Amino acid sequence: MLNIDLHSHSKCSDGMLMPQELVARAAANGAKVLALTDHDMVRGVVQAREACDRAGIRFVPGAEISITWCGRSIHIVGLQLDENNRELVANLDANRGGRIERAVEIGRRLEQQGIPGAYEGVLRQGVEPIVISRKHFSRFLVEAKICTTTTDAFEQYLKKGRPAYVFHEWTTLENAVSWIKNAGGIAVIAHPGRYDIPEKSLFALFDEFKQLGGAGIEVVTGSHGRDLYPYFTDLAKRYGFLASAGSDFHAPEENYLDVGKVPPLPEGLKPVWHDWF
Ligand code: AMP
Ligand code: MN
Ligand code: MN
Ligand code: MN
């Protein structure tokens, strides 16, 4: 069985390892193929590729693009894209644009909840302000002993409907798919089981994505439970989607799946990598 992991994060977005450290960990776990898919960011790709070359791992350049679809935050993973594509790089820059103001506002909302210094606390993690995500705030809340786990921090403060949630309008589904395709990549819907939307909306998302030239969905992912794999296996078959698999690794001990320890795809699926090697 091929050990392949097509979804991972580094310190260039909201992961905690440098690209080289991420690759070393993947190698130690036996990975043979690894994609780096930082949020709206391709800056770690060069280092990750070099480290993969040295470790004898096939490298897949990628990015995870944040979009707003019907008022919801959805993630589209682009794989095998050209990280030097100027249009892509400029568009990812623009999509990240509002992160600093949003982070300041999240800090302000937490202060209103009696938790001062969150934005400054996030900066102390050594993150570049332009890539700050709610993940960084969740780590701050754990570090400050206000929450017991990062998941808890999302449940109590950071997810939609909670006091420190700040709406942000990301780019559109259409844009994300076209940026990826124009950069020579293929588009995949990330962790489809994590969106808290009715089935009818999920199907509408799949239909629209398919129509726009989207290629696949993640069936195996560290971002939703194994109990959902059969459901998304059926949907991938029904929609004629290619199937992807990735840990969505961010940091040791923070994740459900470790980088390079992704279970195999269920039988009968066409993998996104079917024609890569
Ligand atoms: P943002 O891009 O600022 O909206 O932050 C989204 C990031 O937060 C995702 O990429 C995940 O890393 C993390 N995240 C989102 N929802 C959750 C959750 N319920 N539990 C843990 N982490 C989450
Ligand atoms: Mn993340
Ligand atoms: Mn995601
Ligand atoms: Mn991710």
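Predicted model: local features only at pLDDT ≥ 70, side-chain atom pairs only at ≥ 80, totals over all residues.
Residues are numbered from 1 along each chain as its sequence is written, chains are lettered from A and ligands numbered from 1 in the order in which they are written, and side-chain values use heavy atoms, with hydrogens and water left out.

**Exercise 1. A salt bridge between Asp 40 and Arg 99**

Task: Find how far apart the closest N and O atoms of Asp 40 and Arg 99 are, and say which parts of the chain the pair ties together.

Solution: 

Step 1. Start with the term: a salt bridge is a side-chain nitrogen of Lys or Arg within 4 Å of a carboxyl oxygen of Asp or Glu. Side chains of opposite charge can pair when their charged atoms come close.

Step 2. For Asp 40 and Arg 99, the closest N and O atoms are 3.8 Å apart, and the two form a salt bridge.

Step 3. Now place the partners. Asp 40 sits in the loop between β2 (33-36) and α2 (45-55), and Arg 99 in helix α4 (residues 99-112), so the pair ties together parts that are 59 residues apart in sequence. Helices (H or I, at least four residues) and strands (E, at least two) are DSSP runs, numbered from the N terminus.

Step 4. Check the surroundings. Buried means under 20% relative accessible area, exposed over 50%, and partly exposed in between (1.4 Å probe, protein chains only). Asp 40 has a relative accessible area of 0% and is buried; Arg 99, with 5%, is buried too.

**Exercise 2. Salt bridges with partly exposed partners**

Task: Decide whether Glu 105 is buried or partly exposed, and find which residues are joined into one network with it.

Solution: 

Step 1. A search of the whole structure gives nine salt bridges. One of them joins the side chains of Glu 105 and Arg 108, at 3.0 Å from N to O.

Step 2. Both of these residues belong to helix α4, where Glu 105 and Arg 108 are three residues apart, about one turn of the helix.

Step 3. Glu 105 has a relative accessible area of 22% and is partly exposed, and Arg 108 is also partly exposed, at 45%.

Step 4. Glu 155 and Lys 159 also meet through their side chains in a salt bridge, at 3.1 Å from N to O. Glu 155 is partly exposed at 37% relative accessibility, and Lys 159 is partly exposed at 28%.

Step 5. Through salt bridges that share partners, Glu 105, Arg 108 and Arg 109 are joined into one network.

**Exercise 3. Two manganese ions**

Task: Name the protein donors of the manganese ion (ligand 4) and the residues that coordinate the manganese ion (ligand 3).

Solution: 

Step 1. Donors are N, O and S atoms within 2.8 Å of the metal (3.2 Å for Na, K and Ca); water is not among the atoms, so sites may look incomplete.

Step 2. Around the manganese ion (ligand 3) we find Glu 64 (OE), His 75 (ND1) and His 191 (NE2), at 2.1 to 2.2 Å. Their spacing along the chain is E-x10-H-x115-H.

Step 3. Glu 64 lies in strand β3 (residues 58-69) and His 191 in the loop between β5 (186-189) and α9 (199-211), so this pair ties together parts that are 127 residues apart in sequence. Glu 64 is buried at 1% relative accessibility, and His 191 is buried at 0%.

Step 4. His 7, in the loop between β1 (4-5) and α1 (19-28), and Asp 248, in the segment after β7 (242-246), link distant parts of the chain, 241 residues apart. Both His 7 and Asp 248 are buried.

Step 5. Finally, look towards the manganese ion (ligand 2): the manganese ion (ligand 3) is 5.5 Å from it, and the manganese ion (ligand 4) is 4.6 Å from it.
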